[in-house]
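Subject: Structure handover

Hello,

Please find the structure below. My notes on it follow.

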Amino acid sequence: AAQTLRDALAAQCRLLAACATASGKSSPPKEPRSLHFFPPGVGHYVTVVYPLPAGELSASTVVEPDAGLEATRMQLHWALCLPLDRPMLRVSNALRESG
């Protein structure tokens, strides 16, 4: 179990590094953001790291945070056996912190 956790954490670190490297070429600048979802039928939380515009994710500051993420979301839907005709892993569907 410990080795599986180490492997998963190493994979997450590689994804974050790739996201940060790729965002250096984009305009406006983007940063890796971890978003948490609880898609129906999966039975557990799903955390996704998306390259999103820097700053707060609110309707007033970000026009379309999902722009350019369609292919990534499609791959995630396929991997998690989610319906391909309903975008369940959109930024707007992420769980919000309460408190």
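Why does arginine 96 count as exposed? Arginine 96 counts as exposed because its relative accessibility is 53%; the term exposed means over 50% relative accessible area, buried means under 20%, and partly exposed lies in between, with a 1.4 Å probe and protein chains only. Arginine 96 sits in the segment that follows helix H2 (70-79).

Some notes on how to read the values. This is a predicted model, in which local features need pLDDT of at least 70, side-chain atom pairs count only at pLDDT 80 or more, and totals for chains, interfaces and linings use all residues. Residues are numbered from 1 along each chain as its sequence is written, and side-chain values use heavy atoms, with hydrogens and water left out.

The mean pLDDT (the predictor's confidence in each residue, from 0 to 100) is 80 for the protein, and 80% of its residues reach 70 or more.

The protein has 2 helices and 2 strands, in the order α-β-β-α along the sequence. Helices (H or I, at least four residues) and strands (E, at least two) are DSSP runs, numbered from the N terminus.

Of the 99 residues in the protein, 22% are buried. The largest nonpolar core has 13 residues, and Leu35, Phe37, Tyr50, Leu52 and Val91 touch the most other members. Such a core is a set of buried Ala, Val, Leu, Ile, Met, Phe, Trp, Tyr and Cys residues joined through side-chain atoms within 4.5 Å. Strands E1 (30-37) and E2 (46-53) each supply at least two residues of this core, and E2 gives the largest share, 4 residues.

Histidine 77 belongs to helix H2. Histidine 77 counts as buried because its relative accessibility is 4%. Leaving aside neighbours within four places in sequence, histidine 77 is in contact (heavy atoms within 4.5 Å) with Leu82, Pro83, Leu84, Arg86, Pro87, Met88 and Leu89.

Phenylalanine 38 lies in the loop between E1 and E2. With a relative accessibility of 44%, phenylalanine 38 counts as partly exposed.

Of the contacts in the protein with a separation of 6 or more, 38% are between residues 24 or more positions apart.

Regards
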